[in-house]
Amino acid sequence: MTSFDTTPQLNVWRALLALAVVFVMLATTGWTALRNQRGDTPLQASLSAWEHGRIGGHRLPDPQSQPTKLARFFASLTERDRVRLVREYPLAVGNMNGAPVELRYRANRVALGQARKVERKRMHDSRLTRAGKHEAARRMHRFDDLMEKGRHILAFDPEGSGRVAEVFGDLREADRVSVVVPGVDTNLLTFQRTQRKYSAPVGMAESLHAAERTASPATRTAVIAWADYTAPSGLGIDSATGLRAEEGAVRLNALVRALPGSTPVSLFCHSYGSVVCGVAAHSLPGRVSDIAVAGSPGMRVEKAAQLHTTARVWAMRDADDWIQDVPYLEVGGLGHGADPVSNGFGARVLSAQGAKGHAGYFEPGTASLMNFAEIGVGAYRSVHCAHEDGVCRTGLSGTAAA
């Protein structure tokens, strides 16, 4: 790095470059972030029906109540009453923070079945174009996939590009919980992939879960593939601002606060997902022990201390990741702040050896995945730092849970 890299002139140049990029985005994509949302969605309709529902002669509780209150409500019900609620309000129950996780799995299976029927009907709708029918077929097959035996769908919303979250492992019995927060272009159709498997949320979570079990076979772990926020679509204006991250941060905070038990939670945030985690950091509960970001465009702060979190903050970036060429700044709400792997940011910088580009951090056999797994099980002294001095382990102790 030359001395020119730190001059005020370069900072001005970067700001101008960032603004130029944004103007190009606006000219080609428009203000997509400001488009009006559609009317009532299936999820909103289910929640509205819930709000007017009764059971045993009593009104149902506010679905936005504190998770502890909702948990007490569900615990007070008979199994017959729980089954009735799942049948009558599947989307509401399946997305309700505070409902027992097993009940959410059951409710989302019902909701997926209903959504599959809708798409099957759309496949034969003469009013749709060939492309529209093809899209309906893709969605129907995705719902089929999500309904496969043994899958645990913690959240599901079919509206628009869709939202979904899936659990790997036993969430109620876990000693440690990991949450994978993905980035741009994450939706129902990209939730899992056959090609480039480990660049999609399901592949990321499966890979991390397997690596954690290898790192510490005695530690009971659960990993959540969390695509339950509306991610930016492509590298347009949405991805250059924090709007989607702010919306996602609210949902991420709600998820963590509703998780059963009190075991430590680690967040693994990729690409724009790291923006979500950065915005959420200050509001997350104390059980969040670690926030690890990979391929980050920034966390909307200049220093890790400004995240105002008690969690350890980790960062990594592969040498071939194109994200390093994004201007690390924030001007008028555009851009996401400082580079999390830079010396001045203050994160614990990890090795990403073997990751090969922006989408390879969860590939089996990489140092990046191994580091994530060690963090996930709490084996902090085993992580591999980006630099040989081992500074990323300074002041740490810890081994995997017994």
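Guide: Contact here means heavy atoms within 4.5 Å. Among contacts in this chain between residues at least 6 apart in sequence, 68% join residues at least 24 apart. The model is a predicted one, where local features need pLDDT of at least 70 and side-chain atom pairs count only at pLDDT 80 or more, while totals for chains, interfaces and linings use all residues. Residues are numbered from 1 along each chain as its sequence is written, and side-chain values use heavy atoms, with hydrogens and water left out.

Visitor: How many helices and strands does the chain have?
Guide: There are twelve helices and ten strands, taken as DSSP runs numbered from the N terminus (helices H or I, at least four residues; strands E, at least two).

Visitor: Why are α6 and α7 called roughly antiparallel?
Guide: The axes of α6 (residues 101-122) and α7 (residues 130-146) cross at roughly 155 degrees and come within 8 Å. Axes are lines fitted to C-alpha atoms, for helices over the stretch in contact, with angles from 0 to 180 degrees between N-to-C directions. Angles under 35 degrees count as roughly parallel, over 145 as roughly antiparallel, 65 to 115 as roughly perpendicular and the rest as oblique. α6 and α7 are therefore roughly antiparallel to each other.

Visitor: Which residues of α6 and α7 meet?
Guide: Among them are Leu112, Ala115 and Arg116 in α6, and Ala136, Met140 and Phe143 in α7. By class, this contact of α6 with α7 has six nonpolar, one polar and seven charged residues. Ala, Val, Leu, Ile, Met, Phe, Trp, Tyr, Cys and Pro count as nonpolar, Asp, Glu, Lys and Arg as charged, and the others, Gly among them, as polar.

Visitor: And what is the angle between α10 and α11?
Guide: α10 (residues 243-258) and α11 (residues 272-280) pack at about 60 degrees, with their axes 8 Å apart. The contact of α10 with α11 has ten nonpolar, one polar and two charged residues.

Visitor: What makes Ser271 buried or exposed?
Guide: Buried means under 20% relative accessible area, exposed over 50%, partly exposed in between (1.4 Å probe, protein chains only). Ser271 has 8%, so Ser271 is buried. Ser271 lies in the loop between β7 (265-270) and α11. Not counting residues up to four places away in sequence, Ser271 touches Gly183, Ala294, Gly295, Ser296, Pro297 and His358.

Visitor: How much of the chain counts as buried?
Guide: Of its 402 residues, 55% do.
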